[in-house]
Amino acid sequence: MTRIAPLNPENVPAASKPTLDAFTKTIGFTPNMMAAFAQSPIAFNAWAALLGSLSKALDVKTRDSIGLAVSEVNGCNYCLTVHSFTAEHMAKLPADDILLARKGHANDPKRDAAVQFARKVIEARGHVSDADVEAVIAAGYTHANVMEIVALVAMYSLTNFFNNVFDPEKDFPAVAPAGSI
Amino acid sequence: MIRIAVLSPETASAAAKFTFVVCTKSIGFAFDVMMACANSPLTFNAWTTLIGSLTRALLTLDIPHFA
């Protein structure tokens, strides 16, 4: 059961309105998660700024694959619907790559190393081994890229936790729930 | 084992330098996590912006104490 009511447009705090309007324009509708998150302009705008900054990290296929891997581990079914949708329509990931990403893998060898590493970071809460770091570096990522992967894991975890706590009503196409694939 | 080089304002890239200098000034010294994080200006700037944004969180809870 959802624990938070999405805001009606007239109740959106003024400080959240420009950010919410920008998302609505980009996505084509106002997702329930954002209409709920907008109740705190501080948290909402902080997250939106982080999302904007990290949208320059790596590439869209790798970012979305990391979002899927992290959301699967964190058991966030709302985020799995969002990332499956964006992975298909924006990142243009084939269906089998979307499922692979949820399992912490990718068909592309370099992306596979990044997604595997991201999954280890969230599963181990950052306590990865030297070999894990060496493996992602050996795949062609720099130390700066590894930091970006860690930052992406944290950013996706933020929305995972938000949606796990408030459980907004799902408004993206349904997907298999976490732990079922 | 240290897994990453720590940078200083002198060795940090131009994109990380400004944030580095501001953080060092406000804290009084450059600490290791900051010097390591500066390896990725993108991550460093995103993280410090997030901290800056959330410093305003829960401020309203302090109001009753001063009322």
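**Exercise 1.** How are α4(A) and α6(A) oriented to each other?

*Solution.* This is a predicted model, in which local features need pLDDT of at least 70 and side-chain atom pairs count only at pLDDT 80 or more, while totals for chains, interfaces and linings use all residues. Residues are numbered from 1 along each chain as its sequence is written, and chains are lettered from A and ligands numbered from 1 in the order in which they are written.

Start with the axes, which are lines fitted to C-alpha atoms, for helices over the stretch in contact, with angles from 0 to 180 degrees between N-to-C directions. Those of helix α4 (residues 60-73) and helix α6 (residues 95-102) of chain A come within 7 Å and cross at roughly 45 degrees. Angles under 35 degrees count as roughly parallel, over 145 as roughly antiparallel, 65 to 115 as roughly perpendicular and the rest as oblique, and α4(A) and α6(A) are therefore oblique to each other.

Next, find the residues in contact (C-beta atoms, placed from the backbone, within 7 Å): α4(A) brings A:S65, A:L68, A:A69 and A:E72, and α6(A) brings A:I98, A:A101 and A:R102.

**Exercise 2.** Describe the elements and the extent of chain A.

*Solution.* Helices (H or I, at least four residues) and strands (E, at least two) are DSSP runs, numbered from the N terminus; chain A has 9 helices and 0 strands. The C-alpha atoms of chain A fill a box of roughly 50 × 30 × 30 Å along the principal axes.

After α9(A) comes A:D167, with a positive phi near 50 degrees.

**Exercise 3.** Which helix gives the most to the side of chain B that touches chain A?

*Solution.* First, 17 residues of chain B are in contact with 17 residues of chain A. Helix α3 (residues 41-54) of chain B gives the most to its side, with 9 residues.

Then consider pLDDT, the predictor's confidence in each residue, from 0 to 100. Among the elements of chain B, α3(B) has the highest mean pLDDT (91), whereas helix α4 (residues 63-66) of chain B has the lowest (43). For the complex, the predictor gives an ipTM of 0.85 and a pTM of 0.91.

Notes
Contact = placed C-beta atoms within 7 Å.
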